Structure formats: structure tokens, C-alpha cells
Amino acid sequence: MRCAARGGLLVLAAALLFVGGDAAAQARRLNVVCSVQIEWCELISRAYQNATGVRMAVIHRSSIDALSMLLAERQKPRTDVWFGGTGDPHLQAAEQGLTLEYRSPVFDDLQPWAQAQARRGAYRTVGLYTGVLGIAYSPEQLRRLGGPPPRCWRDLLQPRFERQVMMGNPTSSGTGYLILSALTQLFGEDAAIGYMKGLHRNIAQYSHGGRGSIENMVRGEVAVAIGFLHDAITARERGARLEFVLPCEGTPAEIGSLSLIAGAANPHEAVQFYEWALSPEAQLLARQASAFQWPSNRQVPVDPRMPPAEDLEKVIAYDHLRFGSSEVRKRLLTRWINEVNVPDNE
């Protein structure tokens, strides 16, 4: 599906935003799998239903779980749109034909990295937001452990961090897979697996989703968490005392993505929601949910609590196409399961 008539679709989309009380709108449905913070998922659901009257069912899943769900229901999809989550699983879904080719009329209004994500996925996905991976730590817990704060990836291998680090499980968390793939890009595959084997001895727990590592650190379960800057900002806004650093060797930025599901039962409603999700008005809602990713629409101002994306000097040019490949993902995860997360590596 390609959109050629910008004006016609925008007029239709604008009209739909003002039919909340119309009986026909009440009869329409939309099914969304949402891979961002649950508070953000709930907010977009309320806002979109209030604006359009479309009945919206939202399922919250990590990006890896969302991909597994779409694979399981590919013969008869029950999902119409996939909202957010790390971009690699979206690219894998595009590669496997689970998502629909579509170019938005507002494509030219999006940030270059969002447009690049669409081109990588043959326009079967698009960038919705971006966020930077790094190391969060509790100054209070570090005082108890002694020694300086971690500044580099290799610092996390120090014996003083034994059972004091938490990160997402690469097999269930898009964040966890991003950590594995980023280290592979930085150090090379064999060296990255060697690093992960050493880090495994300092891991207290692999969280099912990436956000859980920072949340658990805030609760005092560990001293250090590998996660995203926007999740650290969210925790600070809620009163947590933590610091966040970009590792000295370099770190990637994720591109959270948005995709239409191929063969969906509600394709018309899916396109209308997709267009709404890319609008400045919809992307500004993220702030209300304390979601501090950088938005993809260039008309959305940067929140003053977030550093300008162009100032993040240690962000590497992450190879989304390579690590969004199903073949590469399978190989890296197989090595992590067989060489890292094994009893004799404790």
C-alpha cells in the first residue's frame, strides 16, 4: 500500500478526528500491540478513542514478544498496528513480510533517522522516536561498594560489581538484544561474546523487558543498570536518585518504530491511527506519560530535560540493517544462549 494523494488522505484523517460521537465511528475497531511504556500505551489509547470514537484494544508487549506474537498469528492477524519498541524487531518483521509497505504523506516532516529506518525496511516500518543506550547507576549503592562510578563498558567487568548489574534478557527484550548487537559492532562478534561471558558473572538478573532493569535498580536491588537515557530521565522525574553515563567506547541509539500489520482486519483504521501517531500533537503526548524519547516529527520541540540529540558525541552509527537481519539475530542469540547464559559460566 502506497499513499499517493497527500491532500485526500489528510482531509479524510482530519475529518475522522472530529467524529467521536458518530455512530459509525463507534462501530469501528482498532487493535494495537504497544511496545513502549505502559503509561504511554494507555495515554494514546484514551486520546485516540476520545478524538475519533474508534474502539481501540491495546496489548502491551516487549518488542521481542510482539514480534513473536505477530509470527504466531501471521495466517490470520488479530493486530492492526505495532506501536513502538526497538527498531530491529520491526525490521525483522518487515523482512518476513509481516508488515505492510506504506509511505506516509508526512514522511518529509520526519527526522532523517526516521526516514532512514523506513528505507531500511522497504517502507514497511518508520521511525517513531529515538533513544540512547547507556549505563545508569545509584550513587548511594556505589558508595557502599566503593570505587569510582563506571564510565566505560569494560568497567562493568570489575569484581566489585559482582551480582550488582542488571540488563534486559536478549531473548525477550529488544533492549537486551540491542546491548548484545551494539557490543558486537563495537568489539567484534567473538570479543563481544567474550565480554558478555565476563559480564554474566556480574549480572544479578536479566529483566524480561529493558525498562525493568532501571526500575529494579531504583528499588535498590542492584547498583547498576544498562538501559536507555529516557528511562533514566523518567525515573528522575519520579524522584529517583541516579546518574547516567554514555560509555567511553561508544553506544548506539535505538530507533523505536511504527508498523502496519499485513493482512490486518481493520486496514483503514490502522492507516488513520498511523498518521495520527506521526503527528506533532500525538507525539507531544509522550511527555504527559513521562516518556522522554526524541520524537520523529521535526515540528515537536525538544524537551529541556533532554540533551539535544546532536550533542551526544559518543553515539555510534549503529548498523540497523545488519542487526535487524533475522539471520544475524538468530546467530547472536544462539551464541548468547549456548556460550553466555549457561550454568558453567556462573
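Author: Happy to, and here is a walk through the two links, followed by their surroundings and the chain as a whole. Please keep in mind that this is a predicted model.

Let us begin with the count: the chain has 2 disulfides. Numbering the bonded cysteines along the chain, the pairing pattern reads 1-2, 3-4.

One of the links runs between Cys-34 and Cys-41, with an S to S distance of 2.1 Å. Neither end is left in the open, as Cys-34 and Cys-41 are both buried. For the handedness, look at the torsion about the S-S bond of Cys-34 and Cys-41: it is about -90°, and therefore this disulfide is left-handed.

The other link joins Cys-152 to Cys-248, and here the S to S distance is 2.0 Å. The link of Cys-152 and Cys-248 is right-handed, with 120° about the S-S bond. Cys-152 sits in the loop between H7 and E5, while Cys-248 belongs to the loop between strand E8 (243-245) and strand E9 (253-260), so the pair ties together parts that are 96 residues apart in sequence. How covered are its two ends? Cys-152 has a relative accessible area of 15%, which is under the 20% limit, so Cys-152 counts as buried. Cys-248 is at 42% relative accessibility and counts as partly exposed, because that value falls between the 20% and 50% limits.

Leu-157 is placed in the loop between helix H7 (139-145) and strand E5 (165-168). Leu-157 is partly exposed, at 34% relative accessibility. If you set aside neighbours within four places in sequence, the contacts of Leu-157 are Tyr-195, Gly-198, Leu-199 and Asn-202. Leu-186 is 29 residues from Leu-157 along the chain, and their C-alpha atoms are separated by 16 Å.

With a relative accessible area of 22%, Ala-47 is partly exposed. Beyond its neighbours within four places in sequence, Ala-47 is in contact with Trp-276 and Leu-285. Leu-285 is 238 residues away along the chain, yet the C-alpha atoms of Ala-47 and Leu-285 are separated by 8.6 Å.

Trp-276 leads us on to helix H12, where it is one of the buried residues, along with others including Phe-273, Tyr-274 and Ala-277. Helix H12 (residues 267-277) is mostly covered, with 9 of its 11 residues buried. The buried set of H12 also includes the charged residues Glu-269 and Glu-275.

Finally, let us step back to the whole chain. It contains 15 helices and 10 strands. Its radius of gyration is 20 Å, close to the 20 Å from the globule rule for 346 residues, so the chain is as compact as a globular protein of that length. Along the principal axes, the C-alpha atoms fill a box of roughly 65 × 40 × 30 Å. Of the 346 residues, 58% count as buried. Contacts between residues 24 or more positions apart make up 77% of those with a separation of 6 or more.

Note on methods. Residues are numbered from 1 along each chain as its sequence is written. This is a predicted model: local features need pLDDT of at least 70, side-chain atom pairs count only at pLDDT 80 or more; totals for chains, interfaces and linings use all residues. Side-chain values use heavy atoms; hydrogens and water are left out. Helices (H or I, at least four residues) and strands (E, at least two) are DSSP runs, numbered from the N terminus. The radius of gyration is taken over C-alpha atoms; the globule rule is 2.2 Å times the number of residues to the power 0.38. Buried means under 20% relative accessible area, exposed over 50%, partly exposed in between (1.4 Å probe, protein chains only). Contact means heavy atoms within 4.5 Å. A disulfide is a pair of cysteine sulfur atoms within 2.5 Å.
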